[in-house]
Amino acid sequence: MLLSAIVFLLSLSALVTFWQPHGLFSALVTCLSGGLIILIASLSHHAWAHGIALIGWAVVALIAVSGLLTLGLILLAPRRVVRKQERLTRVLLVGVWAWLLAGAGWTWAFATGHFIDTVWPWLTFIPAFSLYLGILYGASLIGFLRVSYWHVRRADTLVVLGAGLLNGHEIGRVLGARLDTAIALARQQKKPVTIIVSGGQGPDETVSEAAAMAAYLTQHHFTGQIIQETRATNTLQNLVNSQKLWLQLPNGGGRVALVTSDYHLFRTRIIAHQLGLRLPGQPAPTLWSYLPVAWAREFLAIIMLHPVLHRSVLLTLLGINGLWLLI
């Protein structure tokens, strides 16, 4: 019975992954299936199941530590995590701190027996929604790891997504890694490759990101066709505007692949899926010293992809919480 349940959950994850290999839904299914396998194994009396449970709880602990680090960066170093035009307001930060304190209070009351006949049962929706966000974080991390290890083999057109320029016109390490990855992938192909560089000009930039990227490719001896997309200011516009360009190429661009940073590729694939685009992606490596900050920013962006869903979940939990106490 135990082995059958584990096989079923593994098969379900494999099928969903095959159907939607880089989507958030398949990552959620994988995350929840993994959690159920850990719980089932923990309750088993078989020695081999205890080994699975031990490994599983170790993975959960690593994800939890990563999540706490991400949360700490968002709360304690918001200026490093978000860009100038995306500042977290003081009201929002105070709200998050209040939420965390309320969650800590609920946990303390529940653990110490100071729970019944207090206000804490009315706040059960807080840890419930926090658990929901934790599962979403785990699924996002799984999605990030998936796209980081799946690489492109064949491509006719590469779309390199832009990133902010240093000093208004210089290619930084993040963007340089994306361009170097595109050059390396292009040189592996048997036929000439077209590279579309996508990125507009920010308020603190003297040239468009696309122009700086094109110059970088030329300086690094890329001899193929370079097409500049100079209007995009976010990932969605990168994809929409670049699609108009590659569709004008012979055979509609042929095999089109995306090139962006490893931490950014998962969200890029989600947005591409929402646009009806099934595009492979090549992850560009990120320095380990920068990855925690970059991933914290990226997780916030992933959260903002589905604001209506998150509000609906919160209101549903709030309603269930109230009905549970009133009935």
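Mentor: Let us start with a definition: a salt bridge is a side-chain nitrogen of Lys or Arg within 4 Å of a carboxyl oxygen of Asp or Glu. This is a predicted model, and the structure holds 1 salt bridge by that criterion.

Trainee: What makes the pairing of Glu 298 and Arg 267 a salt bridge?

Mentor: The side chains of Glu 298 and Arg 267 meet with an N to O distance of 2.6 Å, and the cut-off asks for a nitrogen within 4 Å of a carboxyl oxygen, so the pair qualifies. The pair links distant parts of the chain, with Glu 298 in helix H11 (residues 291-303) and Arg 267 in helix H10 (residues 262-274), 31 residues apart.

Trainee: Why is Glu 298 called buried, and why is Arg 267 called buried?

Mentor: Buried means under 20% relative accessible area. Glu 298 has a relative accessibility of 3% and therefore counts as buried, and Arg 267, at 14%, is likewise counted as buried.

Trainee: Which label does Leu 291 receive, buried or exposed, and why?

Mentor: Leu 291, which lies in helix H11, has a relative accessible area of 12%, so it is buried. Leaving aside neighbours within four places in sequence, Leu 291 is in contact with Phe 144, Asp 262, Tyr 263 and Thr 286.

Trainee: Why is Trp 57 called partly exposed?

Mentor: Partly exposed covers the range between the 20% limit for buried and the 50% limit for exposed; Trp 57, a residue of helix H3, has 43% relative accessibility and therefore falls in that class.

Trainee: Why is Lys 191 called exposed, and where does Lys 191 lie?

Mentor: The label exposed requires over 50% relative accessible area, and because Lys 191 reaches 63%, it counts as exposed. Lys 191 lies in the loop between helix H7 (173-187) and strand E2 (194-198).

Trainee: Which residues gather in the patch of positive charge, and what makes them count as positive?

Mentor: Arg 154, Lys 190, Lys 191 and Arg 255 gather in that surface patch, and Lys and Arg count as positive, so these residues carry the label.

Terms used:
Residues numbered from 1 in each chain as written. Predicted model: local features only at pLDDT ≥ 70, side-chain atom pairs only at ≥ 80, totals over all residues. Heavy atoms only, no water. Helix = DSSP H or I, 4+ residues; strand = E, 2+ residues; numbered from the N terminus. Buried < 20%, exposed > 50% of the residue type's maximum accessible area, 1.4 Å probe, protein only. Patch = residues over 30% accessible without salt bridge, like charges linked within 9 Å, V, L, I, M, F, W, Y side chains within 5 Å. Areas by Shrake-Rupley, 256 points an atom, 1.4 Å probe, with all protein chains shown as cover. Charge placed at Lys NZ, Arg CZ, Asp CG, Glu CD. Contact = heavy atoms within 4.5 Å.
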